[in-house]
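Hi,

Here is the structure I promised to pass on. Have a look at it first, and then read my notes below.

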Amino acid sequence: MDIAERMKLITPSMTLAIDAKAKKLKEEGVDVLNFGAGEPDFNTPQVICDAAKKGIDAGHHKYTAAAGTLELRKAIGQYLNQQYKVQYEPGDIVVSGGAKHSLYNAFLALVNPGDEVLIPSPYWVSYPEQVKFAGGVPVYVECSEADEFKLTPAALKAKITSKTKVLILNSPSNPTGAVVGRKAMEGIAELALKHKFWVISDEIYAKLIYGEEHVCFPSLSKEVAAQTILVNGMSKAYAMTGWRLGYAAGPSKIMKSIADFQSHSTSNATAIVQDAGVAALAMPDSEIQKMVEVFRKRRDMIVDGLNAIPGIKCLRPAGAFYVFPNVKGLLKPGRSNSMELSEYLLEKAKVALTPGIAFGAEGYMRLSYATSEKGIQEGLKRIKEAV
Ligand SMILES: Cc1ncc(COP(=O)(O)O)c(C=O)c1O
């Protein structure tokens, strides 16, 4: 009467654990400031909401193709071409219930039991779990603070073996906000071509970038695109986390197998949400830019504020909406690691931060600045007093 072995491989999300504690305190009436959120605090733009309402009124109540409506897949292809000069036909694209779902499909499509999957560390919490669930073996590639947490070709090369099947790339990164530059991307691509492994490029934060260039990995060359599954979605750039809409684009053979698999698992992403996705992609970049400017201001505020607290050192990341400060100077008995420190800060200062260990990096914390400026100022004040 035991559950299946594969379920025992999964580690419960530590980010959700702190989040749950913070929410419970809030429900009890405690004024908790939450720096744990992985989602924009803005509302979804009205044009996107209107498109979903129109979809309801137009009777879009039925199943669509499992891979997504032709209209949305065409819109995604055009968007990627216009933004990054990459070529994808509708048959190269599968729309899913969020980028997380697209990533899971991609791992299932590429990873055989025992295959090694290279994961740059610090990493987003779901990568190792999804890899293990697909039967793969996570192999971590350390990205050091000295390198501003950016993946370097040298660090990657050292971890390649005959069992390497996939590299998961995430630039801009969750949790560090690091953005990998063009030269390093070219070095990484060279290694992928030479050693013949797949790259899953999770570009969900592509639009949340502060001045630096976002290098779309498959845009590097046709050969690179032939070995890459590009993953993106609407959650972050369009403040649509609850709508659940993401997509993957890659060589048609692999994408067809993903579409076939999805037709037996979840079928299509919600029909009217796909209508909303078309409207999102049609929005001018200038609209997204307004949100990016707000994030940039908050980033500078939180980085400067953290660096003013003795014991904390914080880099100024070029993308996403997270900072990943070094808090080793704050560790002492009673709060001797990042988990204990986050529990301490939640109890003493009523601020919720995510421990670095959740992302594979002890001695660091992740703070999301997808929260109001007032909240950031107050949170910084409380942290300073508590430590
Ligand atoms: C790096 C990264 N990839 C993928 C996702 C998943 O996004 P979605 O809401 O589209 O599933 C997230 C969400 O937090 C993320 O941080």
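Where does Ala-320 lie? Ala-320 sits in the loop between H12 and E9; helices (H or I, at least four residues) and strands (E, at least two) are DSSP runs, numbered from the N terminus. I'll come back to that residue, but first some housekeeping. This is a predicted model, so keep in mind that local features need pLDDT of at least 70 and side-chain atom pairs count only at pLDDT 80 or more, while totals for chains, interfaces and linings use all residues. Residues are numbered from 1 along each chain as its sequence is written.

**Overall picture**

The protein has 14 helices and twelve strands. Its radius of gyration is 21 Å, which agrees with the value near 21 Å that a compact globule of 387 residues would have; the radius is taken over C-alpha atoms, and the globule rule is 2.2 Å times the number of residues to the power 0.38. Along the principal axes, the C-alpha atoms fill a box of roughly 55 × 55 × 55 Å. Of the 387 residues, 48% count as buried. Here buried means that 20 or more other C-beta atoms lie within 10 Å of the residue's own, exposed means 12 or fewer, and partly exposed is in between, with C-beta atoms placed from the backbone. Among contacts with a separation of 6 or more, 72% come from residues 24 or more positions apart; a contact needs the C-beta atoms, placed from the backbone, to lie within 7 Å.

**Two domains**

The domain assignment gives domain 1 (5-30 + 286-386) and domain 2 (59-283); such bounds come from an automatic or database domain assignment. Their C-alpha centres lie 26 Å apart. Across the boundary, 29 residues of domain 1 are in contact with 28 residues of domain 2. On the domain 1 side, the elements that give two or more residues are helix H2 (14-27), helix H12 (285-307) and E9. H12 gives the most, with six residues. By class, that side of domain 1 divides into 17 nonpolar, seven polar and five charged residues. For the classes, Ala, Val, Leu, Ile, Met, Phe, Trp, Tyr, Cys and Pro count as nonpolar, Asp, Glu, Lys and Arg as charged, and the others, Gly among them, as polar.

**Around the ligand**

There are 13 residues around the ligand, and Gly-98, Ala-99, Lys-100, Gly-233 and Ser-235 come nearest. A residue is near a molecule if its C-beta atom, placed from the backbone, lies within 6 Å of it. The shell is made up of three nonpolar, eight polar and two charged residues.

**Strands**

E9, E12 and E11 form an open sheet of three strands in the order E9-E12-E11, with antiparallel pairing. Strand E9 (322-323) and strand E11 (354-355) stand at the edges with a single partner strand each, so one side of each has no neighbour in the sheet. E11 and strand E12 (residues 365-368) pair over two bridges; two strands pair if DSSP finds at least two bridges between them. Pro-355 stands opposite Met-365 in E12.

Elsewhere, E5 and E6 pair in the parallel sense over four bridges, and Val-199 in E6 is the bridge partner of Leu-167. In strand E6 (residues 198-202), five of its five residues are buried. Both faces are covered, with Trp-198, Ile-200 and Asp-202 on one side and Val-199 and Ser-201 on the other.

Most residues other than glycine have a negative phi, and most peptide bonds are trans. Back to Ala-320, then: its phi is positive, near 60°, and the residue is buried, with 30 other C-beta atoms within 10 Å. Lys-350 also has a positive phi, of about 55°. Lys-350 is in the loop between helix H13 (338-348) and strand E10 (351-352), and counts as partly exposed, with 19 C-beta neighbours inside 10 Å.

There are cis peptide bonds to look at too. One runs from Ser-121 to Pro-122, with omega near 5°, and Pro-122 is in the loop between strand E3 (116-121) and helix H6 (126-133). Another runs from Ser-171 to Pro-172, with omega near -10°; Pro-172 is in the loop between strand E5 (164-169) and helix H8 (182-195).

Cheers

How values were computed. Contact = placed C-beta atoms within 7 Å.
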